[in-house]
Amino acid sequence: MSINGDASSHVGFNDIEHQAAYVYAPTGILDDAPEPPTKRRKINKTRKSAPEIQKDNGGFELESLLNGAETPTNTNLRQKLFGRFWASTEERIQSILSEANEGTLVDVVSFVGQEVLAEGLDRVPTAFIVTGPNIASQGLLFKQLSSRLKTKVSGPVVTLRSGDVSNLKAALKKIIRDATSQKLSIYEDEDDLQETDGRKLLNYDLKILHDYVNTHGSRKVIVALEDSEAFDTSLLAELIFSWLDRIPFVLLFGIATSVDLFHERLSRAATRCLYGPQFDVEQTSSILERIFLKVIAGAAAPLRLGPGLISSLIERQHDHVQSVQAFIGALKYAYMCHFYANPLSVLLDANITFKPQSETLQLEHFEAVRNLPSFRRLVEELLDRHEVKKALDLFDDNELLLREIQISLKAKDVGVSKILQAMHILSCCAVGSIGKIDLYTIVSSNDLRNSTLLISVLDTIRRMDPDNLINFIKSIQEAIKNGNPELALETWVDEESTFSEEIQDIKTQTIALIEKSAKDGITIRSGHTIHNKTIRATVIAHKVQLSQEKSSLTKQDLDFTTLIDQLISAIERYVTFENPQHLFLNEVWLYDSKLPYRDVFTPRPKFAIERALSVPHDYLGCQCCNPSIEGSSLSHPPTAILYQCYLDAGSLINVFDLWTAFLATVGKEEDDASDERQTLMLFYRALADLKSLGMLKQSRKKTDHLAKLAWKGL
């Protein structure tokens, strides 16, 4: 009986797990194996390239929507539309990014490429690149700068970041490794550079770099410090003085504040060793605005983003001071959400055949259209116009609905053009600078009539004299004639002939009033100015009474005031249009859902972990964990069961009490030692999971207690 008991107590025990050391003796090797041959010189340094991964076009497929009724053709079409539209969008973004820093890149390359950079050997040529406070944008600039210098300058280019080098030795190692690995031929070995006169050099000895420069005839060794203000000042000083007279160093400093503040952090001796000009970089906000105008707000944008999503994107960009690449990633995710989850996005295909029996349009697509909020709004508008029969036919007649779909998709371009035209005119008419992103958000959300921007523009018009009014009308006419290349807007004089003729008529009449008043010697003023009111004081029975009277206006003043009122009315009518979110089928070409974006880019991991441990069924989806079934908590994962015991405990948790509670929940009633050991294993694993999640730690007060670190909901 004792033998059986001992045997059962050692079930699952492996003595190898408790060894302090292991002896590795691979099979197949004889004891009398010959010694390995002496190391021979490597002739071919080229590394074997990794096996090319063959692209499997059918490896990734989108989920079939419409409750699984979507055909594979439409599923592939949505994926192709996303790839096509995002490729064109990314191409425009890359063109903007390449042009953004072009001036700085040309100036820095020209400075580095000069033949004689220093007056003597005691000074290091240095370029101070002021990037601005957005440190996240420095990565793109120095990446472009490194690739440009490698092609234009004879010499290695090394980029250092403060996180990669903690001391001088680490900095020298990285400089030597990156510099010497850029121009090795197939007959050279990196190890050969570290050998001089038969002795092995340390991998942080600059003699290796010195020999490399002499061997390859490198004229310069360019070291770019991306976030130089995060480096230790003593490290920078030692790096500057290292082999100053033997290696032709050229330093590039990325500065977020100013050159003066950067010099104050260095020692005087290090400052005297540096000389070079300052280069200013275009700020991230300017680059972001150019990307926004051309990619999101431009007339050629394949997908429109709603004002709600745009506000979230810009707010996150400003609050977290993120790079342009983060904004581009968020924009790509919006494209993915639209095409991956919207079955009606196939209507954006320019080659689609609008026929009820076409391969693209299924019966489920028509039913999906009838369930859209914009379709319900269309039916309500038809009922308001007393077109009851047409409203009823839209529910049954697919051909009639298809015609409405075609009309709506063609009309959406006109509606978008009106928004961009109004935006361009207001930006030209506004007094002072105005944010184009804020302006687009206001115009696209149909809040322009009540916005402070339009009110300020109209108040400015009311206070204008005739000459300023004529110049104002000329600026509007030039804006209509020239268009806006940033928004991909061409001239629209013919499209808005009514508005153009109206403002031209006001301009002609104003010129005639100026000529007539000049002959009569009269100054024209508007009735809206504050100078046309006077205060009159009257003394009656030793009491003073104040009254406000309007100054008398001449006929020319009244005519000029009428022209101003006509211009204000014309502008108000021009900037009044239907909200794009109220147009029929706006769900096809406009994406304004903030929920997926918020969950991905501003996640709440603590809430998700607590929910997964409290209600595993929400994530597992298995029937055994369904909370509606009685006793389903017993089938939860061990970590979730231990988490419930964890919630019931106090700030200090006795490990034995926690184990007892866990055993009472998971263990069986039979006194089986093997089952208890299995349960103990699950307990240890669950306890390790909670500890890795940061919920528990060893208590310093009591050795057999654990300290609670997290409370649910806090």
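**Exercise 1.** Determine how helix 27 packs against helix 28.

Solution. Helix 27 (residues 638–648) and helix 28 (residues 655–666) have axes 10 Å apart and pack at an angle of about 130°, where axes are lines fitted to C-alpha atoms, for helices over the stretch in contact, and angles run from 0 to 180 degrees between N-to-C directions. Helix 27 is therefore oblique to helix 28, given that angles under 35 degrees count as roughly parallel, over 145 as roughly antiparallel, 65 to 115 as roughly perpendicular and the rest as oblique. On the helix 27 side, Pro638, Ile641, Leu642, Cys645 and Tyr646 make the contact, and they meet Leu658, Ala661, Phe662, Thr665 and Val666 of helix 28 (contact means heavy atoms within 4.5 Å).

The model is predicted: local features need pLDDT of at least 70 and side-chain atom pairs pLDDT 80 or more, while totals for chains, interfaces and linings use all residues. Residues are numbered from 1 along each chain as its sequence is written, and side-chain values use heavy atoms, without hydrogens and water.

**Exercise 2.** Determine how helix 2 is oriented relative to helix 13.

Solution. The axes of helix 2 (residues 72–100) and helix 13 (residues 324–341) cross at roughly 160° and come within 10 Å. Helix 2 is therefore roughly antiparallel to helix 13.

Methods:
Helices (H or I, at least four residues) and strands (E, at least two) are DSSP runs, numbered from the N terminus.
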